[in-house]
Amino acid sequence: MTPPPTVLHWPDAGGGGSGGAIASGGTETTAGGYKYHTFTSGGTLTVSSAGSVEYCIVAGGGGGGRGNGGSGGGAGGMLTGTASLSAQSYTITVGAGGADRTVTNGNGNNGQNSTFAGSGFTTLTAIGGGGGAGLNKANGSAGGSGGGAAWNDPAGVPGSGTAGQGNDGGAASTPNANGGGCGGGGAGAAGGPMVYSGSGTNYHGGDGGDGLEWPAGSGTYYAGGGGGTRNFGAGTHGSGGTGGGGDGFLPGTANTGGGGGGKPSNDTYNCAGGSGIVIVRYLL
């Protein structure tokens with residue numbers, strides 16, 4: 001995914017370049033000469049003077065699968081780039097994370113889409129993350145990034161990510177009757193497979209795929225995949241991907257689009273996906 005340009009000036013007409021207010025909406029902050037509009041829930045961006053902006057749109061992450069070796073949920077789709085905006089109001093929708101699966105075994109719930117829409121403007125849509133596989137042999141769900149596959153013999157198939165937004169969930173490299181969950185895909189990398197140490201019952205859940213940094217050089221990452229669970233014995237749960245992915249047994253982080261970690265069939269932990277976020281910025 002190509003990072004956005006680092007220098008974008010709003011036209012001087014209408015207040016740009018002089019520190020004047022040229023758009024309003026969301027949580028408004030300034031840093032490094034940029035003005036930021038951050039939406040952690042739905043809202044309206046009101047533009048008073050046409051110009052170009054940079055954007056980061058992240059959908060809700062998928063929930064972790066529930067079952068014997070539940071797999072991590074895929075991260076919400078992540079879109080970054082630039083757009084030319086006219087003087088009008090734009091509708092922002094921020095996707096919720098996939099809800100925790102609280103009853104019966106099965107795949108986690110997919111996250112919801114995040115959108116940026118306006119009159120005469122091509123709507124930008126980030127796709128919600130795919131739920132992680134639950135029961136043995138199950139396939140991960142498709143989404144912005146795909147949910148991890150469940151191990152067994154034969155193994156399940158990982159969920160597919162959306163091109164330009166995310167990656168596939170983790171695939172089972174070696175089917176195994178006592179295996180468990182793979183990691184969910186992230187915006188920057190595919191989910192990892194479950195790992196068997198080669199001795200006894202040491203099955204380790206797959207790690208979630210890492211997300212992506214935005215803006216470049218900020219150290220802030222979004223859209224990491226959820227980690228899978230171990231099934232039996234002395235193994236460990238997979239780690240969530242950088243960018244809000246939940247470790248096995250844990251939810252994705254709110255307003256990052258992180259996938260939820262996988263959960264075994266008999267636990268009561270919350271393994272929901274993290275909600276998304278929409279950010280718009282421009283140089284004053």
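# Exercises on a predicted model

A search of the whole structure finds three salt bridges (a side-chain nitrogen of Lys or Arg within 4 Å of a carboxyl oxygen of Asp or Glu). This is a predicted model, in which local features need pLDDT of at least 70 and side-chain atom pairs count only at pLDDT 80 or more, while totals for chains, interfaces and linings use all residues. Residues are numbered from 1 along each chain as its sequence is written, and side-chain values use heavy atoms, with hydrogens and water left out.

## Exercise 1

Describe the salt bridge of Arg281 and the parts of the chain that it ties together.

Solution. 
1. The partner of Arg281 is Glu54, and the closest N and O atoms are 3.3 Å apart.
2. Arg281 belongs to strand β14 (residues 277-283) and Glu54 to strand β5 (residues 51-58), so the pair ties together parts that are 227 residues apart in sequence. Strands here are DSSP runs of E, at least two residues long, numbered from the N terminus.
3. Arg281 is buried, with a relative accessible area of 7%, and Glu54 is buried at 0%. Buried means under 20% relative accessible area, exposed over 50%, and partly exposed in between (1.4 Å probe, protein chains only).

## Exercise 2

Solution. 
1. Lys263 is buried at 1% relative accessible area, and Asp100 is buried at 18%.
2. Lys35 is buried at 9%, whereas Glu28 is partly exposed at 39%.

## Exercise 3

Find the residues that touch the most other members of the largest nonpolar core.

Solution. 
1. A nonpolar core is a set of buried Ala, Val, Leu, Ile, Met, Phe, Trp, Tyr and Cys residues joined through side-chain atoms within 4.5 Å.
2. The largest one has 22 residues, and Leu45, Ile57, Leu85, Tyr90, Phe116 and Phe121 touch the most other members.
3. The elements giving two or more residues to this core are β4 (43-47), β5, β6 (78-85), β7, β9 (121-126) and β14.
4. Another core, of 13 residues, lies apart from it; Tyr34, Ala75, Met78 and Ile277 are among its members.
5. Leaving aside residues up to four places away in sequence, Leu45 has contacts (heavy atoms within 4.5 Å) with residues including Leu85, Tyr90, Phe116 and Val280.

## Exercise 4

Which strands stand at the edges of the five-strand open sheet?

Solution. 
1. The order of the sheet is β1-β4-β7-β8-β9, with antiparallel pairing. Two strands pair if DSSP finds at least two bridges between them.
2. β1 (23-24) and β9 are the edge strands; each has a single partner strand, so one side of each is left without a neighbour in the sheet.
3. β4 and β7 are joined by four bridges, and Thr46 stands opposite Ser89 in β7.

## Exercise 5

Where is the pLDDT below 50?

Solution. 
1. pLDDT is the predictor's confidence in each residue, from 0 to 100.
2. The chain averages 88, and 87% of the residues score at least 70.
3. The pLDDT is below 50 over residues 1-21, a stretch with 50 contacts in the model beyond near neighbours in sequence.
4. Where pLDDT is low, the predicted coordinates should not be read in detail.
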